[in-house]
Amino acid sequence: MVLALVCAAMMTPMNAKTLVAYFSATGTTKAAAARLAKQHNAVLWEIEPAEKYTAEDLDWRNSKSRSSIEMNDPEERPMIKRCTNITPYDTIYVGFPIWWGICPRIINSWLDNNEPQLEGKTLIPFATSGSSGIEEAEAYLKKTYPSLKWRKGLLLNKQ
Ligand SMILES: Cc1cc2nc3c(=O)[nH]c(=O)nc-3n(C[C@H](O)[C@H](O)[C@H](O)COP(=O)(O)O)c2cc1C
């Protein structure tokens with residue numbers, strides 16, 4: 001099924017320069033993103049998949065689950081529901097749950113969709129996890145998107 005992308009214009013406060021864009025499958029990263037946005041007086045933006053992840057999709061024990069299939073293929077790019085207007089922002093926090101040590105492929109979809117407008121902006125990855133650190137995800141993002149200006153990542157597991 002082909003799902004059309006709907007580009008929604010964002011309502012942006014005049015002086016807002018920081019965006020917190022995040023994907024969250026079960027709400028943990030969403031809560032961390034909301035705290036971060038409040039802390040930095042930033043605009044909050046949820047990166048929503050065109051097709052929501054069900055509990056079955058997220059079953060990492062099942063090698064045939066949607067998340068397992070996506071994470072096993074580095075070229076997978078799950079579709080996103082709406083485009084993000086990143087033009088007004090200098091600094092963008094990019095948040096996600098750690099999946100198999102790195103970011104879910106939907107983060108690649110979002111980065112791919114927004115390149116080359118992301119060039120020159122400061123990008124700060126942040127994540128929540130069961131126990132993993134963010135270092136592997138940071139290294140992966142730097143290697144996959146070497147022309148982007150990545151800053152040190154934040155693991156926001158603690159409230
Ligand atoms: C498919 C899948 C893979 C995961 N892989 C890891 C992992 O490699 N390391 C880890 O510490 N947690 C892992 N987790 C746990 C999530 O990172 C953690 O529960 C996260 O806080 C969920 O965030 P969310 O509620 O925003 O989706 C995984 C969860 C899922 C669903």
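Let me start with a definition: a crossover is right-handed if, with the strands pointing away from the viewer, the path from the first strand over the helix to the second runs clockwise. Hello everyone, and keep that picture in mind for a few minutes.

First, some housekeeping. This is a predicted model, where local features need pLDDT of at least 70, side-chain atom pairs count only at pLDDT 80 or more, and totals for chains, interfaces and linings use all residues. Residues are numbered from 1 along each chain as its sequence is written. Helices (H or I, at least four residues) and strands (E, at least two) are DSSP runs, numbered from the N terminus.

Now to the crossover. Strand E5 (residues 91-97), helix H3 (residues 105-114) and strand E6 (residues 122-128) form a right-handed β-α-β unit. E5 and E6 are paired in parallel through seven bridges; strands pair if DSSP finds at least two bridges between them. One of these links joins Gly-95 to Phe-126 in E6. E5 also runs parallel to strand E2 (residues 18-22), with five bridges between them, and there Thr-18 has Thr-91 as its bridge partner.

How enclosed is E5? Largely, because six of its seven residues are buried. Buried here means 20 or more other C-beta atoms within 10 Å of a residue's own, exposed means 12 or fewer, and partly exposed is in between, with C-beta atoms placed from the backbone.

Next, helix H4 (residues 135-144). Ala-137, Glu-138 and Leu-141 are its buried residues to look at. They sit on the same side of H4, because they cover an arc of only 100° around the axis, taking the directions from the helix axis to the C-beta atoms. E6 and strand E7 (149-150) are among the elements covering the buried residues of H4, while the face turned away carries the exposed Glu-135 and Lys-143.

Ala-139 also belongs to H4, and it counts as partly exposed because it has 14 C-beta neighbours inside 10 Å. From Ala-139 to Ile-102 is 37 residues in sequence, yet 8.9 Å in space, C-alpha to C-alpha.

Finally, the ligand. Which residues are closest to the ligand? Ser-24, Thr-28, Thr-29, Pro-97 and Gly-130, out of 20 that surround it, counting residues whose C-beta atom, placed from the backbone, lies within 6 Å. Helix H1 (residues 28-39) gives the largest share of that shell, three residues. The shell divides into 12 polar, seven nonpolar and one charged, where Ala, Val, Leu, Ile, Met, Phe, Trp, Tyr, Cys and Pro count as nonpolar, Asp, Glu, Lys and Arg as charged, and the others, Gly among them, as polar.

Conventions:
Contact = placed C-beta atoms within 7 Å.
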